[in-house]
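Let's take a walk through this structure and look at how some of its charged side chains pair up. Have the sequence and the 3D view ready.

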Amino acid sequence: MSNYWNDMSSYSQPTTSKLQKNARDTAAREKARGKSMEPVHIQGRKIVNSWWGQAWCDNLERYADFESRLDRGKRYVRTGAVVDLKIEKGKVLARVQGRRKTPYKIEVRISPLSEERCQHAISRCERKIENLELLLQGKFPEELKELFTGKEGLFPSPKEISFNCSCPDWALLCKHVAAVLYGIGARFDENPLLFFELRGIDVDRFIDVALENRVESMLKNADRTSERIIPSEDLGELFGISFPTVLSRPRSASRES
């Protein structure tokens, strides 16, 4: 006797080989059409390797809102299912391969950074010129970790992230979106400055303002006498030397012609 519950067809995940075949077919099809694709390639078991990529992924995983679907996303990004991912100002446009031949379209939007938080970041960076130089090189100053990952840091919170996917999954955060979120971390491995692009920060402007503020601060203190300067008479006493008095030399009379 048939039973309604037992006869329901079980939902199965596409195999890795199926995903990879569909991804290859999509790449070949788009190339034939002359369309540019920017797939995410993961080398080895680790999705990310740099501080930037790891911090982005850690930030996602510490939010309970994303917890239930992230593991499936890891599998998809590792298999090469993210066949296209482009980071623009405030958004990410991507396509992720699934069981069907046509990849799903995903859009991730990041709320723009407030002026207050951006100015706070600038003030933190301007304290040391070396920090700005490291940022320009795409590296990360260790002492600025809290600025990015702490409370009210530059990494977005769940309320600042919105997304949609063309797949039929009813879940708000489907595995395709999760794969894209990890793919963003992989992109930061390749080019950390893309983080600033995503957050809507003009890096050149950011650096210019920080430098201008630093110079302005230094000029304000230029006329102030520092307690670190030792007067010459104290130097003599300290080192047991005497400084000769410099007498003005009389001007010689001009010769008569």
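Asp71 is exposed, at 57% relative accessible area (exposed means over 50%, buried under 20%, and partly exposed in between, with a 1.4 Å probe and protein chains only). Helices (H or I, at least four residues) and strands (E, at least two) are DSSP runs, numbered from the N terminus.

Keep in mind that this is a predicted model, where local features need pLDDT of at least 70, side-chain atom pairs count only at pLDDT 80 or more, and totals for chains, interfaces and linings use all residues. Residues are numbered from 1 along each chain as its sequence is written, and side-chain values use heavy atoms, leaving out hydrogens and water.

Now try helix α1 (residues 16–32), where Asp25 and Lys21 sit four residues apart. Their side chains form a salt bridge too, at 2.9 Å from N to O. Asp25 is partly exposed at 33%, and Lys21 is partly exposed at 42%.

What about Glu160 and Arg199? They form a salt bridge with the closest N and O atoms 3.7 Å apart. This pair links distant parts of the chain, 39 residues apart. Glu160 is buried at 11%, and Arg199 is buried at 2%.

Key:
Salt bridge = Lys/Arg side-chain N within 4 Å of Asp/Glu carboxyl O.
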